[in-house]
Amino acid sequence: FLSLPLPVRPGRPATCCCCGCPWPTWETRYMLLLWLSMTCLIPFDLSRLDGHLTSDPSQTREPIMDRILAVAKSYLMVTDKSRDAASVLVSKFVTRPDVKLKRLGDFLDWSLTTISQASDQTMGGTVILDGALQSLAQLFKHGKRDDFLQYAPVVLQCLAQCHVAESSQATLRKLGVKLVQRLGLTFLKPRLAKWRYQRGSRSLAANLSLSQSGSTVQAVSPDMETQSQEEDYDIPEEVENVIEQLLGGLKDKETIVRWSAAKGIGRVTGRLPRELADEVVGSVLDCFSFQETDNAWHGGCLALAELGRRGLLVPSRLPDVVPLILKALVYDEKRGACSVGSNVRDAACYVCWAFARAYEPTELKPFVTQIACALVITAVFDRNINCRRAASVSDHSGTFPYGIDIVVAADYFAVGNLNNCYLSISVYIASFPEYTRPMIDHLVAMKINHWDGVIRQLATKALHNLTPQAPDYMATTVMPQLLPIALGIDLHSRHGAILASAEISHALYKLANQNNRYCNLTSQPVSDQYVVRPQQIFVVVVVSCLCRGFGGELMRPAVCSLIENMSLSKMPFKDDPVITGWQWLIDDTLKSLHLISPGPRDGIKEAAVSALAALCEQYYQPQPGMADPQMQEVLVSQYIAGLKSTEVLTRCGSALALGSLPRFMIHGKLHQVLYTCLQQSCSQREVCFTEARRDAAKAMAQVCVTAGVSAQGGSDSVVCEGNVSAVYRALLDCMTDYTLDSRGDVGAWVREAAMTSLMEVTLCVVGTAPQLLSPGLVNGMMCSLAQQSAEKIDRYRAHAGSVFVRLLHSNNPAVPHIPHREELLAIFPTEGAEGLNWNAPSQAFPHITQLLRLPQYQYHTLLGLTVSVGGLTESTVRFSSQSLFDHLMLIQQDAAALGQFSEALLHVFRDNLRNDSHNTQPDIHTRCSLPRTLLSHPLTRTLLSLTRTLLSLPLTRTLLSLPSCRFCGLIQFQGEVRKKVLFQLLLLLCHPFPVIRKTTASQVYEMLLTYDDVIDPDVMDDVMTSLSDTNWSVESGDRNSIINLSDLPIPDPGS
């Protein structure tokens, strides 16, 4: 600035820019204010910038000092980011030696007056308070203590009178806390507390020299005599008020206020004598009371971290602090349907991080095991991902037992997956004996009763995996704790305890089979209780009606899991009455599915079916391979009767129950079971029974796989020649289910289940008796799969494609009688089939359309393509149409192939002319331009005739727009066909239904835009105007004028 010419003096351009020009962007104003704050640092008196002020009173000019202050004050009241830059300008300008002598007192008076008069109840008042508080905080931060000490009591009193700490605006409360802490630092002499704990040297050069010499730096203990001399001074009374406000800020509801208060506590405490500082620490520890809210716990953790990081938390306080931090690491307070406390646990991890760097390992040695266990538990089992990651990086000092191994296994990225933490990382860490029991105890005490059901289930699975690490502890300590909880009144605790009891019992049984150590649990006194209690659990749950209502949605799957695990553990309950109760609960659950809300319904159904399979396997088999005749008759008859229920969900449960029965339970009943499933899956195509047909198709495959295959066996025991055809016919019939309702294509559920069942049954038959598969069955199966692989829904197309390729590439042994196997292997080679993304239309349809060259697959592939070409999804329509057009271009010179394609297309059209639900009316000629060779083919006249047939069908919602769409697609066929098409379109323009007139006019308009040779170009504009301007939903329009312009005969109204 000194190099500038004399007329352009420093400071003047900035003030002129800020005052005189309305700069349009806040960025410009922000940077100009920052520039002005830098300009104010010039080292000479600002009066020199004023030049020679004129002596004429009429030509007075304001001094530069006043002009800068005016600029700063004006921008302290704006709503944008310039307000922050103005506060920086104030802190740099008012603290100048020449300015503070003349303007400091006036500016403070202006600021306090502004604060007193403004109200935080209005937007404008909030902005004014924000600017004034920011400027004061910056002033007391950057100014000299001697200059501002006389003003500090007045400012503190003004803040108390204005009740800034009680403001509803979090930003104002934060600025109030910042200003209060700066006032506290102003009251106290700037000093570095000699009593603070110092770990090593604060000099980098000293640390480097000591590291080279190999010696270590010991923690510094202050000299008591020097300390007492240094602390011999009076503390102003206002400091107590400052500390009280900062402690109150630790309990604020906003994190930014608590964080600012915590930093203020650390700064102010560093200037206090040791006794007063210890009192502050004690006040901070009072925040860790269960009478306080989570806000107080969070603020207390932040304050302890700041105190520890600054060395103000002396080691003698660690026995009081560490237990509170351990509680904070597991703090989780339920609030309604969720909980609070994740911020407390995260801050507690920050405290541990700060302590590990502030204290020598010898100081933390008495507490290192407790802290290590708590941090490991948080890193592995915390619900919040931020808390897990914070805990995983909270100690890198190497003082934890097996710390390096744990840090490698539970790093920042590994703990990001909750399932991985509970089921994998926990098992590895529990292999270290120091962590085994604390992890188990935490799961039992804190996680099996968690409010989140996912956490409860993961905790029980984790207990299952941890059982081999401490089997004695699980059997003698954990199980006696769980069983009373399972009979308690709290729903979540009861649910978790039942699941945990089931998982641990199964884990103990598996461990017994491995080492024959716990094979006889009933021989021990504790195990006697353990065996009796599951009966008590069931009795209490059922008698107390705990499986009804909202709680039943949790208790039913839990008890079913208990039944399953008790059965898998082979508990000696074979003749116990509890087995009857267990069977009743399973049956009642399958019959009551319609009373359960849709969310947990599928999980409850699967749990009941799994429990039934395990129960039958263990308790309904007097001898290996033989069923209890009475129970076999009862169960099979009961579930077959359930398949005829009027409740669709009861049918679903009964079908899946039949599919889960073990082989010995369906031996001799296979014909009866299969016949019922066949009848259920093939008949009653009503919309309301779609789910029943889906589950019946699944059950059919499960029954066939369970019963096994034998070419020479009886049809009542195994899958054989007498029943295999009926099974395939039923599943192939399911592949034609296109039921529609308000949910969409619900028949796709049945088709998907049928595809999976066909694959399972086929692989089972091929593996044992491939001669049972006739060419007709295999041909029908592969053609149906090819059709599904060409349809429009990505998910089901991908599933059909994967099944098709799986059967094609099966070679242990290979599926016999696949039509055109060699050609199919050329289209879907083994190497490239795995990388084919069937979900992507761009990849799937180019492969699928190649099946049109194979006669056996042409009809079904074309049937599937008509659905895709006529679909609504842009990518599906585009790629299916393009792939089909490419195929037509390849065969346009081959008259035989073209004729075969035409016959197949007409066949599809005729077969599905009245099939509104399938939506397979061919849309090929409307979605792609056909090759010239096909334009003169006899196919065109047949398509026109079939399209006219649509007009005689009963109109449905789908058929309302079909005729006009199809006729417009046929306009590309020139000659006599085109004239007839135009004739039909003109008839539709006078249709009695307004929706048909409107749709036809729109379609004709688009058709004329696409094919410009339909009408004479001289009259095209008039025809387009008539089509677009007429309100076809109200009137028929001037159709005759369009006819005259088009040079067409006027149709007979009766035609």
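I started at Tyr 435. Leaving out residues up to four places away in sequence, I found that Tyr 435 touches Ala 372, Cys 373, Val 376, Phe 400, Pro 401, Tyr 402, Ile 406 and Ile 429; contact means heavy atoms within 4.5 Å.

A note on the source: this is a predicted model, where local features need pLDDT of at least 70, side-chain atom pairs count only at pLDDT 80 or more, and totals for chains, interfaces and linings use all residues. Residues are numbered from 1 along each chain as its sequence is written, and side-chain values use heavy atoms, with hydrogens and water left out.

Next I checked the cores. Which residues touch the most other members of the largest nonpolar core? They are Phe 93 and Tyr 435, in a core of 151 residues. Helix 19 gives the largest share of this core, 11 residues. I also noted a second, separate core of 121 residues, with Ala 502, Met 555, Leu 661 and Ala 754 among its members. For my own reference, a nonpolar core is a set of buried Ala, Val, Leu, Ile, Met, Phe, Trp, Tyr and Cys residues joined through side-chain atoms within 4.5 Å. Buried means under 20% relative accessible area, with a 1.4 Å probe and protein chains only.

Then I looked at helix 19 (residues 368-381) against helix 23 (residues 433-447). Their angle is about 55° and their axes are 10 Å apart. That makes helix 19 oblique to helix 23; angles under 35 degrees count as roughly parallel, over 145 as roughly antiparallel, 65 to 115 as roughly perpendicular and the rest as oblique. Axes are lines fitted to C-alpha atoms over the stretch in contact, and angles run from 0 to 180 degrees between N-to-C directions.

From helix 19, Ala 372, Cys 373, Val 376, Ile 377 and Phe 381 meet a set in helix 23 that includes Tyr 435, Pro 438, Met 439 and Leu 443. I get nine nonpolar, one polar and two charged residues in this contact.

Last pair: helix 17 (residues 342-358) and helix 20 (residues 385-392) pack at about 10°, axes 9 Å apart. They are therefore roughly parallel to each other. Ser 342, Arg 345, Asp 346 and Cys 349 of helix 17 make the contact with Asn 386, Cys 387, Ala 390 and Ala 391 of helix 20. Here I get four nonpolar, two polar and two charged residues.

Whole chain, for the record: 52% of the 1055 residues count as buried.

Note on methods
Helix = DSSP H or I, 4+ residues; strand = E, 2+ residues; numbered from the N terminus. Nonpolar A, V, L, I, M, F, W, Y, C, P; charged D, E, K, R; others polar. Buried < 20%, exposed > 50% of the residue type's maximum accessible area, 1.4 Å probe, protein only.
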